[in-house]
Amino acid sequence: MPDDESFMRRALDLARQGALAGEVPVGAVLVRDSEILAGAYNQPIAAADPTAHAEILVLRQAARALGNYRLDGTTLYCTLEPCPMCAGALVHARVARLVFGARDLRFGGVRAKFQIADSDLLNHKVEIVDGILAADCTALLREFFELRRCR
């Protein structure tokens, strides 16, 4: 879908902001009816909170704004494949669709290691689209970690 790339570009912009803040550059936006409801980047360092992943922050923002923890009809765009914690949160929030860029070969909770978000064992299945702007998402992460290794 053409909108998938534009919303992923917004998530990439947020990920770049996270990198500038010294956080692992992962960005996410939550969309319903082509409107961005929330956006965030990873903040576990700044927040001193291991759960402050971009996906979790976006779900929290949107749930507060809508007054409901169920986020039916939404699409989450994320630059990196969600971890198991975030994948489980997507299921609990009833997110309809997940679009992500780069696969997380170490901790991926959606495709690379586990298949939580669309598991037949759970009461809700998230539709998953992966690989949108994957090269850009991967390059951002690679550059970030290369710079950190040089320090």
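This is a predicted model: local features need pLDDT of at least 70, side-chain atom pairs count only at pLDDT 80 or more; totals for chains, interfaces and linings use all residues.
Residues are numbered from 1 along each chain as its sequence is written, and side-chain values use heavy atoms, with hydrogens and water left out.

We may start with the open spaces. Rolling a probe the size of a water molecule over the atoms shows where empty space is left. A pocket here is an open set of points on a 1 Å grid over the protein atoms alone, where a 1.4 Å probe fits, with protein on both sides within 12 Å along at least five of seven lines; its lining residues have an atom within 4 Å of a point. Grid points are joined across faces, edges and corners, and a volume is the space filled by probe spheres set on the points. The largest pocket has a volume of about 570 Å³. Its lining comprises 22 residues, and those nearest the centre are Val 24, Leu 80, Asp 104, Phe 107 and Phe 145. Helix H2 (44–47) and helix H5 (134–150) are the elements that give two or more residues to this lining, with H5 giving the most, 3 residues. Helices (H or I, at least four residues) and strands (E, at least two) are DSSP runs, numbered from the N terminus. By class, 13 lining residues of the largest pocket are nonpolar, 3 polar and 6 charged. In this scheme Ala, Val, Leu, Ile, Met, Phe, Trp, Tyr, Cys and Pro count as nonpolar, Asp, Glu, Lys and Arg as charged, and the others, Gly among them, as polar.

The second largest pocket holds about 160 Å³ of space. Of its 10 lining residues, Ala 19, Leu 20, Glu 143, Phe 144 and Leu 147 lie nearest the centre. Helix H1 (2–20) and H5 each supply at least two residues of this lining, and the largest share, 5 residues, comes from H5. The lining of the second largest pocket has 5 nonpolar, 1 polar and 4 charged residues.

Helix H3 comes next. Its 13 residues (54–66) should span 18 Å at 1.5 Å a residue, and the end C-alpha atoms are 18 Å apart, which agrees; the expected span is 1.5 Å times one less than the number of residues. Ala 54, Glu 55, Ile 56, Leu 57, Val 58, Leu 59, Ala 62 and Ala 63 of H3 are buried. Buried means under 20% relative accessible area, exposed over 50%, and partly exposed in between (1.4 Å probe, protein chains only). The cover over the buried residues of H3 includes strand S1 (27–32), strand S2 (35–41), strand S3 (75–80) and helix H4 (84–92). Just after H3, Gly 67 has a positive phi of about 70°.

In H4, the buried residues are Cys 86, Ala 87, Gly 88, Ala 89, Leu 90 and Val 91, and they pack against H3, S3 and strand S4 (97–102). Arg 94, which follows H4, also has a positive phi, near 65°.

Tyr 69 lies in the loop between H3 and S3 and is exposed, with a relative accessible area of 52%. Beyond its neighbours within four places in sequence, Tyr 69 is in contact (heavy atoms within 4.5 Å) with Ala 63, His 92 and Ala 93. The C-alpha atoms of Tyr 69 and His 92 are separated by 8.4 Å, although the two residues are 23 residues apart along the chain. The side chain of Tyr 69 also makes a polar contact with that of Arg 70 (3.2 Å). A polar contact is a pair of N or O atoms within 3.5 Å; within protein, one must be able to donate a hydrogen and the other to accept it, and residues adjacent in sequence count only if both atoms are side-chain atoms.

His 124, in the loop between S4 and strand S5 (127–130), is buried, with a relative accessible area of 17%. A polar atom of its side chain lies 2.8 Å from the backbone oxygen of Val 95. Arg 97 lies in S4 and is buried at 10% relative accessible area; its side chain makes a polar contact with the side chain of Asp 4 (2.7 Å).
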